[in-house]
Each structure stands twice: as structure tokens, then as C-alpha cells.
Amino acid sequence: MLPVDTLSDDYRFHRTLNEDVKIRPVSETSQHWDLQMANDDYVNVTGYESLKNAICIAIMTRFTELDSIPVYDEFGCRVHELIKANKSEMVRYKIELFVVEVLENMRRVASVESVKVSDDKNYSYLIEFSVISISDAIINGSVSI
């Protein structure tokens with residue numbers, strides 16, 4: 001079991017947002033993400049960071065990739081269906097719709113405030129999101145796909 005700071009305000013007041021193993025981009029310019037380590041152990045996140053972490057995981061997981069695990073039936077995002085599509089306004093719009101659908105299906109998200117999709121690099125997009133959690137906090141984040 002990963003250590004959890006049970007005395008932190010984030011844990012005590014936002015426990016409904018769950019806890020998770022922290023992920024982070026390998027570098028600022030990388031599209032690859034990895035588990036964050038400290039002192040030869042995984043870093044645990046709770047509260048707001050856990051929700052932001054979960055959103056990034058949901059967007060980066062292919063739709064139905066985890067169907068063999070009953071709890072994750074129909075989990076993931078359909079943006080990966082567009083992986084070979086040429087960049088266009090329609091593709092950006094479809095990505096936005098797919099991301100909004102994923103966010104609206106998350107139990108920890110009360111409402112989706114905004115999703116913005118923009119060109120990041122040659123063949124990738126930057127997805128910026130803002131949601132209101134079930135604990136009435138505004139969570140902002142981004143992921144590059």
C-alpha cells in the first residue's frame with residue numbers, strides 16, 4: 001500500500017476525489033507519460049491532483065482497452081480512432097466531443113466547464129480542460145496527444 005498523507009487538507013476534505021499513483025510527462029515536450037517515482041516508490045496523489053491525474057489517464061486510454069476488467073467496461077477515450085486522420089477543424093471538433101464525453105462520464109466530475117483542442121506540434125494536439133469536481137472545485141489541466 002502506498003503511503004498517504006492522511007493529515008493533509010487535500011486528503012481530509014477532498015477524499016471523495018479518490019487517490020491514485022501520480023503520472024507525469026517524461027519531458028515538457030514529450031507525449032509519453034510515466035509513473036512518478038520518489039525514494040524508490042511510487043508517488044501517491046489525493047484530492048484535486050488525483051482527479052486531474054484520472055482525467056489524463058482516461059483521455060490517454062483507448063476506448064474499451066480495459067474491457068477485460070469488469071469495473072472498466074467501456075472505459076477510455078475514442079480520440080485514438082483519429083490517430084491517422086489529417087489535421088483539420090473537423091478532427092479537432094471530434095477530439096473535443098470525445099473528450100467531453102469522457103469527462104461527463106466520470107463520477108468525480110460534476111460538470112465540464114470547457115475543453116479546448118489546439119495544434120501542439122506536427123502530428124499532435126494539445127487538449128486543455130476545465131471541470132468542476134463533485135466537491136465544487138475547479139480543476140484545470142492539459143494533455144498532449
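Reply: We go from the whole chain to single residues. Keep in mind that the model is predicted.

Me: How many helices and strands are there in the protein chain?

Reply: Start with the element count, then the order. The protein chain has three helices and nine strands. Read from the N terminus, the order is α-β-β-β-β-β-β-α-α-β-β-β.

Me: What share of the residues of the protein chain counts as buried?

Reply: Of its 145 residues, 34% are buried.

Me: Which share of contacts joins residues at least 24 apart?

Reply: Take the contacts between residues at least 6 apart in sequence; 45% of them join residues at least 24 apart.

Me: Where does Ile95 lie, and is Ile95 buried or exposed?

Reply: Ile95 sits in helix H3, residues 89–104. Its relative accessibility is 2%, so Ile95 counts as buried.

Me: Which residues is Ile95 in contact with, leaving aside neighbours within four places in sequence?

Reply: The partners are Val79, Leu82, Val117, Tyr125, Ile127 and Ile145. Take Ile127: 32 residues separate it from Ile95 in sequence, yet the C-alpha to C-alpha distance is 8.6 Å.

Me: What is a disulfide, and how many does the count give?

Reply: A disulfide is a covalent bond between the sulfur atoms of two cysteines. The cut-off is a sulfur pair within 2.5 Å. By this rule the count is zero.

Me: Are Cys56 and Cys77 buried or exposed?

Reply: Cys56 is buried, at 4% relative accessible area. Cys77 is buried too, at 1%.

Terms used:
Residues numbered from 1 in each chain as written. Predicted model: local features only at pLDDT ≥ 70, side-chain atom pairs only at ≥ 80, totals over all residues. Heavy atoms only, no water. Buried < 20%, exposed > 50% of the residue type's maximum accessible area, 1.4 Å probe, protein only. Helix = DSSP H or I, 4+ residues; strand = E, 2+ residues; numbered from the N terminus. Contact = heavy atoms within 4.5 Å.
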